[in-house]
Structure formats: C-alpha cells, structure tokens
Amino acid sequence: MEAPLRFHHPRAFWTGCAAVVAGVLLHMPMYVMAAPVHYRLAGMPMDPAMMVGMVLIPCGVLLAGYGLMPRMAQLRRSLHRPDNRWYFHIADGVPLHREHWKLVAALTLALAIDVMKPASLAFVMPGMAAEYGIGMRTAGWLALIALAGTALGSVVWGRLGDLFGRRSAILLSAILFMGTAICGTMPAFGWNLAMCFLMGAAAGGMLPIAFTLMAETIPSAHRGWLLVALGGVGTSIGYLAASGAATLLEPTFSWRSLWLLNLPTGALILFLNRYIPESPHFLSNAGLPAQARAVLTRFTGARSAVIADPDGTDIDPPILESAHPVADLRQLLRGRHARITVGLAMGGLAWGLVNFGFLLWLPANLTALGVNAHGAAALLARSALLAIPGTALVVWLYQRWSSFRTLVLFIATTALALLAFCAIAVFGVRTETATVAATVLLLVSSSGVIATLLPYSAEIYPVHMRGTGSGVIAASSKTGGILGAGLGVLGLFGHLALSALLIALPMAITGWMLARSGVETRGRGLEAIQRALAD
C-alpha cells in the first residue's frame, strides 16, 4: 500500500530540498543584520553567502524535480503498449471516510497557502515602493509580472501533471515556494520581479492540479460540492492568512517578512505529502497497476478496488482521444472537446476582465456617478456582505441541480449584471437601490463563475489531458486579468457603460456556447462523462 507514496528517486528529492533550504538560509544573515534599520536592504551589495545561496536554490529545484520524476523507461514501455495496460475503478458509491477527508484537508491547506502568495502582493507593494524609492505605478509591475507567472505556470504545471503525475506537480510548486522566499532579502527591485514571476508560476500551477487530483480521487456522489467548496474555502483562508500575516509581522519585521514566509509554508506542503497520494487514474493510465491498486485500496477498501482487463469485462476503460494516452495542447482544440475548451477559455478570459478590471475600477466609477468616496466604499462593503450567502448557493446548485447549468446560469447572470451597470450609466438610473442590486448581482455571479469554472474543467477532460485542460482554463482567467490591467492603464474602465458592454458580450457568447456543448457531470463517474461527450 505504501508503494505509490514513495518518491521515485528519494535521495535526489530530499537532497534537492535540503539544497533549497540551505540556499534560503544563507540569505538570512544579511536580513538579520539589517534589523537596526528596520530590515532595509535596498542598495546593499550581496555578500558571498548570498551568492552561494543563489546557486544552491536552482540546483536544488532541478535535483528535487528529478527526484519527483517517474522512471521514464517504465513509463515509455507502458504508454506505447496499451495492450498491457490495466484499468482500475474507484467505487463511486463508497461513502466519504477518513482517508478522503485527510486528502480534502491537505489540499485545502495547500490551496490556501497557494492563494496566500499572490494575495500578499497588496500588503507588500506599499512598503516595497517606499524602500526602493519607486512610485506605486512602478511597483504595480510586481502584480503584473506575478499574474503573467500564474498564467504560464497554469499551462506548464498542467502538462507536468499529465506527464509525470499530479502529486509530483503539487510538490514541485511547494519547492519553488521555498526557493522564492529569498524575495524577502533582495536588495534591488529587479530581483524581486524575477523571483515574483517564479512564485507566480508555482502558485498558478498548483491551483488546477489540486482540482484535478481531487476530481480523480473523490467519489462522484460528493465530487461536485467538494470541488466547489475546495476553491471557496481555500481562497477565503488564503486571503485571511495573508491579511493576518501582514497585520502581525509587517509592522515589526517589514514587508520582507511576508515573502520569507514562503519557506515555512512551502515546507508545510512537503510535510503534507504523506496525505497526498498520486491519482489512481493517472497511475492506471501510466501503466502502473500495482501502485493504482494500492491507492484504491487505501481510499475504497480491498473489495472496491476492482481490476479488469482492457477489454472492459468488468468496467469501462478510460476513453482516449487517440491510441497514445498522452495529450498535447493541440488536442484540446480537436474532436469533441474543442467547442467546450473554447467556451471555458472565453469564460475564464471574460471573468479575468471583470475581476481584475471592471471591479477594480468600480469604486472610481461609482464616485464619477455622484457617490462620494466614503459612500462608495461603504456601498461596496454592504454589497460584499450581502454576496456572502452566494457561495452556499453555488455549492448547492452545483451539487443538487446541475453542474454545467449552474456554470451557464452564473455566466448569464454576470452578463446581466454588467448590462445593468450599462443601463445605470446610460439612462441615469443612479439610485442607491439600483446600484447596490447591480453590485451584489455582479459580485455573486462573478464569484459563482470562477467557483464552478475550474471544478467543471477538472471533470470534463479525460485522464490523459485533464491536468493540461484544467491548466489552460486556469491560465485563461489569469490572461484576462493581464488584459484587464492593460486596458485599465489605457483608460477603458473609466468609461463604465462601454466597458460593461464590451465584457458582457463575450460573457453572453460563452454562456451560449456552453449551453450548447456542455454535458452534465453531477453524480457521474469520470469515464461516464467521457461517454456522454462521445454521444
């Protein structure tokens, strides 16, 4: 039973982790010596220890990454000999028990740590700008670079998860978190940009892989609501952790302490690896039947771990797009998944424009409509409070009503809320009731879109391209954020009616596409979902 929990090259993995930790610790003396000047390091030259640490960290990451890789010769033999593959079935009827809840808790905590990294940017940027003597507009490049890193990381880690395993991809993110802790000791702003890009890549990569692993491990009767709850709870805890750390640490240890937290929080994810097994679907598809059986026995009990020949005597085998069970990005735009990939990606792009563009500029636009600055902040606070029950509504609808219809509903509602703002600006409907109603509707609906978009992506793709597909959809939302930030600088969101109309259009098209091409995933096994797509 323990076989799938071991690293493929354990000495290389742990030696790499030790090198990363040592590299970070070699940066700490300079930080500690700066305590009398409130940890100001700007302009200081790097000492020899820091230079050695800068070499140890990338070497350690590469060595640990090698330790996480499966034995490639075995994988090549199994992937090119499909007649020798065995398929396993997770008994979807089993109730949730202790092992499931351990995995849920571990992934929720990992996702909270993941969300905490980009959430800390808002608390880091003012102190960083003051220390480096740069304006907030220049410091804003940090957020843009981090967002670009998350977009790239989502795609790259998705591919890594399909090629080398879901668990390996998650642990690689944790190792990068540890290495990028040196962001807190960098004496120049340029170094912070480089480290922040890598940290964003790790953060963007963990998100879709966590959803993928959860989708492939939880029984179908509970998969939907747990996937939606994972995103909602993990995100909330992450933002609370970021704000709490800033409140407790930043006044005494400066903004740099928030980046130094990457070392212990990344190490915590490594500690949790004992509760994060490899996906049995990935192991089965990779031709590792003994390991897949061990994981299934752990989660379902020996009697539920059914084994069958590839002819499907006892179960239906996973449905593949081709004879070769490893996908590339082009396969997402071919065959029966093409339309749904385009629809989901367009939805992610439009959501990014709403969240990182329209909502960021909404307080300024409300002020332009005649609401004073204090009143605009209070209005948004009341709207956010009224929107909280929307999370429970999303979970209930996704689990009890319909998965893809819930996604379509919230996409359509987001488009409707944007059109409401357009009407407020064009027709002068500027009452507080109308503004609050439109704001609450937009906050609830946009939260519902992102809460269901990634879970649905993790369910809809076949095992050999589930990580890749989830990564591309996650990257689309980050790309929308980058585009939103750029359009904000160009002044688009200063025109409330025009920006609302331009975002509502792709939102509406997305809803129409998914309504036509989406399939139901609620309560269905992952292979049954692929059969429904084939039909």
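Buried means under 20% relative accessible area, exposed means over 50%, and partly exposed is in between, using a 1.4 Å probe and protein chains only. By that rule, 56% of the 535 residues of the protein count as buried.

This is a predicted model, where local features need pLDDT of at least 70, side-chain atom pairs count only at pLDDT 80 or more, and totals for chains, interfaces and linings use all residues. Residues are numbered from 1 along each chain as its sequence is written, and side-chain values use heavy atoms, with hydrogens and water left out.

**Exercise 1. Get your bearings: find how many helices and strands the protein has, and what share of its contacts join residues at least 24 apart.**

Step 1. Helices (H or I, at least four residues) and strands (E, at least two) are DSSP runs, numbered from the N terminus. The protein has 22 helices and two strands.

Step 2. Now the contacts, meaning heavy atoms within 4.5 Å. Take those between residues at least 6 apart in sequence: 83% of them join residues at least 24 apart.

Step 3. P506 sits in helix α21 (residues 496–517) and counts as buried, at 19% relative accessibility.

**Exercise 2. Work out which residues have the most contacts inside the largest nonpolar core.**

Step 1. A nonpolar core is a set of buried Ala, Val, Leu, Ile, Met, Phe, Trp, Tyr and Cys residues joined through side-chain atoms within 4.5 Å. In soluble globular proteins, nonpolar side chains tend to be buried together.

Step 2. The largest such core holds 83 residues, and L107, I175 and W259 have the most contacts inside it. Helix α9 supplies the largest share of this core, 15 residues.

Step 3. Look around W259. Neighbours within four places in sequence aside, its contacts include K117, L121, M128, A181 and M199.

Step 4. Another core lies apart from this one; it has 52 residues, including A350, F410, C422 and V444.

**Exercise 3. Describe the second largest pocket: its volume, its lining and the helix that gives the most to it.**

Step 1. On a 1 Å grid over the protein atoms alone, a cavity is a set of points where a 1.4 Å probe fits but cannot get out, and a pocket is an open set with protein on both sides within 12 Å along at least five of seven lines; lining residues have an atom within 4 Å of a point. Grid points are joined across faces, edges and corners, and a volume is the space filled by probe spheres set on the points.

Step 2. The second largest pocket contains about 430 Å³ of space. Its lining has 21 residues, with V61, L62, G65, L172 and L176 nearest the centre.

Step 3. At least two lining residues come from each of α3 (48–68), α7 (136–164), α8 (166–179) and α9 (189–215). Helix α3 gives the most, with eight residues.

Step 4. Sort the lining by class: Ala, Val, Leu, Ile, Met, Phe, Trp, Tyr, Cys and Pro count as nonpolar, Asp, Glu, Lys and Arg as charged, and the others, Gly among them, as polar. That gives 16 nonpolar, five polar and no charged residues.

**Exercise 4. Find how many cavities of 30 Å³ or more the structure has, then say what lines the second largest cavity.**

Step 1. Searching the whole structure turns up two cavities of 30 Å³ or more. The second largest cavity has a volume of about 30 Å³.

Step 2. Its lining is made of P118, A146, T150, C196, M199 and G200. Helices α7 and α9 are the elements that give two or more residues to this lining, and the largest share, three residues, is from α9.

Step 3. By class, the lining of this cavity has four nonpolar, two polar and no charged residues.
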